[in-house]
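Biologist: I'm new to this one. Can you put it on screen and walk me through it?
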Number of protein chains: 2
Amino acid sequence: MKIEEPTFLVDKNKVIKNIEKMIGRTKHFGAVLRPHFKTHQNAEIGELFRSRGINRITVSSVSMAEYFAKHGWTNITIAFPANLLEIKKINNLAETIKLNILVDSLFTIKKLSDIITHELGVYIKIDTGYHRSGLLYDSDEIGNIIDEIGKSKLLSFEGFLTHAGHTYNAKGKPAIEKIVDDSKKQLTNLKNKYPDTKISWGDTPSCSMADNLNGFDELRPGNFVYYDVMQYHIGSCQMNEIAVAVACPVVSVFPERGEIILYGGAVHLSKEFIAADNNFSLYGYVTKYNETGNNKWGEPIAGAWVSSLSQEHAIVKIPKEKIKEFHPGDIICVLPIHSCLTANLLKQNTLIF
Amino acid sequence: MKIEEPTFLVDKNKVIKNIEKMIGRTKHFGAVLRPHFKTHQNAEIGELFRSRGINRITVSSVSMAEYFAKHGWTNITIAFPANLLEIKKINNLAETIKLNILVDSLFTIKKLSDIITHELGVYIKIDTGYHRSGLLYDSDEIGNIIDEIGKSKLLSFEGFLTHAGHTYNAKGKPAIEKIVDDSKKQLTNLKNKYPDTKISWGDTPSCSMADNLNGFDELRPGNFVYYDVMQYHIGSCQMNEIAVAVACPVVSVFPERGEIILYGGAVHLSKEFIAADNNFSLYGYVTKYNETGNNKWGEPIAGAWVSSLSQEHAIVKIPKEKIKEFHPGDIICVLPIHSCLTANLLKQNTLIF
């Protein structure tokens with residue numbers, strides 16, 4: 001592979017392993033896997049799921065639903081509060097595929113039932129503790145929304161969906177499993193109240209780690225397909241399960257500073273970082289790049305990391321005894337902090353090998 | 001304007017005012033304005049400069065140089081350490097336009113002089129205190145690089161270029177002017193040593209504010225064309241000089257939480273934030289959206305701000321007495337923290353009005 005500018009490398013073998021492992025876990029818990037495709041947003045990666053029996057997917061925008069519908073996906077949940085301004089596109093999609101949307105207010109469902117023209121599945125978003133979107137499980141509004149859905153000939157009530165994003169801040173497996181238990185109690189309460197509905201769960205930390213995922217009808221993790229440094233820090237994956245890296249040209253080397261400058265900045269990696277304990281910001285780990293061979297990158301270089309990003313530059317801190325090996329014109333791989341954002345930025349510059 | 005999804009709004013009148021003001025300041029200081037086009041990366045915005053007499057520009061990558069060369073720009077400096085892996089593209093560009101590149105090592109200039117095939121201007125990057133790329137002004141390597149350039153028939157030495165990015169962390173105009181003075185002393189020292197060369201200066205905070213920019217041959221600010229919340233905080237601009245905003249659909253409203261959820265996340269705004277004094281993270285100010293009329297957005301809503309971003313969602317904190325005015329299906333404008341990153345993310349979804 002000839003790298004000239006920051007390039008998103010995807011190791012297909014690692015992706016396949018990650019997919020197959022998650023399919024195995026989902027089966028073990030008796031749930032259906034409806035993977036979130038917002039991480040890769042890539043039809044070719046989608047085929048790796050399809051050839052392993054996956055036929056339902058999750059996306060986070062109407063435009064992503066359009067993209068995957070165009071690539072033959074016929075059962076899609078848009079796991080994002082319904083955007084009333086895109087109703088025309090939603091109607092067009094619902095005409096040709098099985099489309100599910102998400103609501104968390106009576107206001108939205110009333111508007112929707114007035115303007116939809118085709119059958120649409122509806123999930124109610126439940127906020128089990130993350131406090132982004134969604135209704136609390138004991139909110140009166142839930143019953144009102146279900147009544148409103150019942151009045152419509154085109155809307156069908158599918159069930160309750162949550163995204164427990166607070167697992168990202170949980171420290172370790174027991175804390176994550178506690179979030180699963182707490183959330184499951186709330187969702188099961190709703191399922192008992194409204195039988196014949198589904199409860200849909202999904203976030204990569206719990207889906208990768210927790211042993212108590214029984215009882216959910218559907219799992220919707222997304223990030224696991226690639227993983228990243230943040231998931232490694234949470235404990236969702238091993239370092240060698242991270243399936244993506246950004247190959248960046250070295251443009252300057254400063255041995256006396258112990259720093260290397262890469263062509264590869266915020267417009268390639270995103271400004272997501274981890275505020276590490278010992279008072280530094282981590283924008284990615286760095287590895288050597290192997291132009292030939294199956295493994296394009298290996299273990300991170302010990303003591304080296306991306307310490308700062310501007311629009312096009314990265315500053316890599318690297319031990320002085322290691323820096324001698326690098327010169328302008330070389331390539332260094334950066335393991336991204338948040339692969340979803342990096343994949344999105346480098347859509348036009350992706351190499352799957 | 002019909003907004004359906006997160007859309008980058010550019011107020012052309014404000015852009016023109018920002019451009020004309022900077023042209024005036026540059027003339028006042030007797031320098032040439034070579035604006036940095038990395039902020040907008042937009043041919044139409046480029047024409048607003050061209051029609052006001054600007055014919056030299058700065059970019060931060062070879063691909064940006066290719067884009068603007070295609071749009072008729074014939075004198076371009078790539079203000080980024082030369083990427084040896086893109087030499088073929090650099091040669092192609094240098095064949096048709098006056099191209100300047102940047103080096104900060106003998107290693108790179110030696111490699112370059114071996115492989116270039118067309119005339120190329122060379123600036124040496126000087127690190128006057130920002131400590132990203134560049135050589136210190138008293139480094140012996142500078143003389144060696146100039147000697148190496150002298151040996152080449154195709155390379156010509158243009159002068160010394162710096163980016164004093166540390167003005168972004170300076171507190172107030174006196175601190176910024178001190179950086180200008182310190183840096184100018186270093187660059188003037190070099191100019192005295194190597195007469196008939198230029199010294200090129202550029203960063204939006206100092207170019208917008210400082211009264212001591214005399215003595216530079218060239219100014220290369222970029223962000224001023226749009227400005228943003230970060231520049232407002234630094235003091236480079238007034239709030240009403242910010243020429244861009246992201247129009248975002250409202251998807252959920254939580255009166256009891258005092259929070260609104262927008263369709264508009266890290267993939268639209270970028271994760272750049274300001275860690276404000278009273279322990280909160282600021283990802284943008286919010287304003288009402290005026291569908292009709294010349295001003296699409298007004299002053300920020302007092303006490304409201306974007307407090308959190310995930311891939312597609314923004315959480316807006318907003319006083320409870322104001323929240324009643326908003327419903328799903330409305331539009332809210334977000335003034336971005338860092339307009340360069342936001343413009344880059346929303347390239348395909350930009351409305352200039």
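Modeller: One definition to start with: two residues are in contact if their C-beta atoms, placed from the backbone, lie within 7 Å. Also, this is a predicted model.

Biologist: Fine. With that in mind, do the copies meet through the same surface or through opposite ones, and why?
Modeller: Through the same surface, because 100% of the interface residues of chain B are also interface residues in chain A.

Biologist: How many residues does the contact take from each chain?
Modeller: Chain B gives 41 residues and chain A gives 41 residues.

Biologist: Which elements of chain B are on that side?
Modeller: Those giving two or more residues are β4, α5 (106–115), β10 (244–254), β11 (259–263), α10 (266–269), β16 (313–317) and α12 (339–345) of chain B.

Biologist: And by class?
Modeller: The side of chain B that touches chain A has 16 nonpolar, 15 polar and ten charged residues.

Biologist: What about the hairpin of β10(B) and β11(B)? How many residues are between the strands?
Modeller: Four residues. B:Gly258 in this hairpin takes a positive phi near 65°.

Biologist: Is β11(B) mostly covered or mostly uncovered?
Modeller: Mostly covered: four of its five residues are buried.

Biologist: Now the core. Which residues have the most contacts inside the largest nonpolar core?
Modeller: A:Val334, B:Ile332 and B:Val334. That core has 229 residues.

Biologist: What does B:Ile332 touch?
Modeller: Leaving out residues up to four places away in sequence, it touches B:Cys248, B:Val250, B:Ile260, B:Leu262, B:Val286, B:Tyr289, B:Val316 and B:Phe326.

Biologist: New topic. What's the order of the eight-strand sheet in chain B?
Modeller: The order is β2-β9-β8-β7-β6-β5-β4-β3. The sheet is open, and its pairing is parallel. The edge strands are β2 (32–33) and β3 (57–59) of chain B, each pairing on one side only.

Biologist: Show me one pair inside it.
Modeller: Take β4 (residues 75–81) and β5 (residues 98–103) of chain B: four bridges join them, and they run parallel. B:Thr77 has B:Asn100 in β5(B) as its bridge partner.

Biologist: And the sheet in chain A?
Modeller: Chain A has an open sheet of eight strands in the order β2-β9-β8-β7-β6-β5-β4-β3, with parallel pairing. In it, strand β6 (residues 120–125) and strand β7 (residues 155–161) of chain A pair over six bridges.

Biologist: What domains does the assignment give for chain A?
Modeller: Domain 1 (36–221) and domain 2 (239–352). Their C-alpha centres lie 34 Å apart. Their contact takes five residues from domain 1 of chain A and six residues from domain 2 of chain A.

Biologist: What kind of residues are on the domain 1 side?
Modeller: The side of domain 1 of chain A that touches domain 2 of chain A has no nonpolar, three polar and two charged residues.

Biologist: Is A:Gln41 buried or exposed, and why?
Modeller: A:Gln41 is buried, because 21 other C-beta atoms lie within 10 Å. The cut-off for buried is 20 or more. B:Tyr227 is buried too, with 28 other C-beta atoms within 10 Å.

Biologist: Last one: where is A:Tyr194?
Modeller: In the loop between α7 (173–193) and β8 (198–201) of chain A. A:Tyr194 is partly exposed, with 14 other C-beta atoms within 10 Å.

How values were computed
Residues are numbered from 1 along each chain as its sequence is written. Chains are lettered from A and ligands numbered from 1 in the order in which they are written. This is a predicted model: local features need pLDDT of at least 70, side-chain atom pairs count only at pLDDT 80 or more; totals for chains, interfaces and linings use all residues. Two strands pair if DSSP finds at least two bridges between them. Domain bounds come from an automatic or database domain assignment. Ala, Val, Leu, Ile, Met, Phe, Trp, Tyr, Cys and Pro count as nonpolar, Asp, Glu, Lys and Arg as charged, and the others, Gly among them, as polar. A nonpolar core is a set of buried Ala, Val, Leu, Ile, Met, Phe, Trp, Tyr and Cys residues joined through C-beta atoms within 7 Å. A residue is buried if 20 or more other C-beta atoms lie within 10 Å of its own, exposed if 12 or fewer, and partly exposed in between; C-beta atoms are placed from the backbone.
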